[in-house]
Amino acid sequence: MKLDVLALDGVFDSGLAMVLDVFTTANELAAMLQLDVAPFDVTIVGTRKRVRTAQGFTVPVAHTLADTGGATDWLVVPALGCKMPETLEPALQRADVRDACAALRARAEDGGCIAAACIGTFVLAEAGVLAGHKATTTWWLATLFRQRYPAVLLDDSRMLVSSGPLVTAGAALSHVDMALWLVRQASPELAALVARYLIVDSRPSQSAYVISDHLSHADPLVERFERWARGRLAEGFSLDEAAQAAGTSKRTLARRMQQVLGKSPLSYVQDLRVERAVHLLKTSNKSLEQIAGMVGYADGVTLRTLLRQRLGRGVREVRLEA
């Protein structure tokens, strides 16, 4: 498999390094164990000959993206080192990023396969490549992503989303998940070995890492609803009461929740219940039945099922993480 890894100025150091380390480890293990897997041929490309990481290290760019001619199996886009909207939005307007977007569009139009992780998904979306495709992105910037790219079918609860020739991954360390997914296309056995050597657990969902109130603060109406919901998690949910408490209509509340968080008011309340249940499982000796009652469920079976659906882990696994 031949891969180009795109390094833009200010690239996220860990993201770039993780991608390169996964493929290097895969090549080393394949050779050591004499696996019948062709080596991963990885080349670092850029839109400029001189590239520095977010931490100021020089990146050894082999050649510019325009010179690759598309003769690769995958183009991989690591994150930029911009973690908040106030730094990310100006970065997306830079000349080198605009040049990268043009090259990404050309690659997609030629049928090329592209993978992006974390903030790299913004670059891919900025190029228009993700329009009409399912995708994920870094969880704390999902609201901004929805606002900028409404044509993308965003599911930010997932760590990894494959949609045709495109693969997107979630926040920060999802670079590892993305790189392992690419290794898996060549050899599931090798991908499993690399994961074991690097001690990478399966994590299909970002939901376990989301800080719900961080997202809600992106909008005053959503924040009012969030405060109301947190104060009555043990009670049944009523959309009428929720809208009244937030000072709006049911339709407006539902529309704003979809625009900001990409989910319904009830789904968000379920997120808050899961968040609270996980906290109680890790910090108390209360039974599952007791915790279920404290977060608004009639029995522990319902809560157990919801935890498994949302987190990909069971009660025992959650408690062991404490």
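1. A residue counts as buried under 20% relative accessible area, as exposed over 50%, and as partly exposed in between. These cut-offs are applied here to a predicted model. Phe237, with a relative accessible area of 27%, is therefore partly exposed. Trp228 has a relative accessible area of 18%, so this residue is buried.

2. Trp228 and Phe237 form an aromatic pair of the edge-to-face kind, with 6.3 Å from centre to centre and 65° between the planes. Both rings also belong to a cluster, in which ring pairs link Phe225, Trp228, Phe237 and Tyr268.

3. The aromatic pairs of the model number 10. One of them joins Phe122 and Phe145, whose ring centres are 5.0 Å apart; because their planes stand at 80°, the pair is edge-to-face. Phe122 lies in helix α4 and Phe145 in helix α5, so that the pair links distant parts of the chain, 23 residues apart. Phe122 and Phe145 are both buried.

4. The largest nonpolar core contains 40 residues, and Leu104 and Val123 have the most contacts inside it. Two or more residues of this core come from each of β6 (74-77), α2 (85-91), α3 (95-109), β7 (113-117), α4 (120-126) and α5 (142-148). Apart from this core lies another, of 38 residues, which includes Val19, Val59, Leu182 and Leu190.

5. Leaving aside residues up to four places away in sequence, Leu104 touches Leu75, Val77, Ile114, Val123, Leu124, Ala127 and Val129. Val123, one of these partners, is also named with Leu104 for the most contacts inside the largest nonpolar core.

6. Helix α10 spans residues 239-246, and Ala242, Ala243 and Ala246 are buried in it. Viewed down the axis of α10, its buried residues fall within an arc of 95°, and they therefore line one face of the helix. After α10 comes Gly247, which has a positive phi, near 75°.

Note on methods:
Residues numbered from 1 in each chain as written. Predicted model: local features only at pLDDT ≥ 70, side-chain atom pairs only at ≥ 80, totals over all residues. Heavy atoms only, no water. Core = buried A, V, L, I, M, F, W, Y, C linked by side-chain atoms within 4.5 Å. Buried < 20%, exposed > 50% of the residue type's maximum accessible area, 1.4 Å probe, protein only. Helix = DSSP H or I, 4+ residues; strand = E, 2+ residues; numbered from the N terminus. Contact = heavy atoms within 4.5 Å. Phe/Tyr/Trp six-rings, centres within 6.5 Å; stacked < 30°, edge-to-face > 60°. Arc of directions from axis to C-beta.
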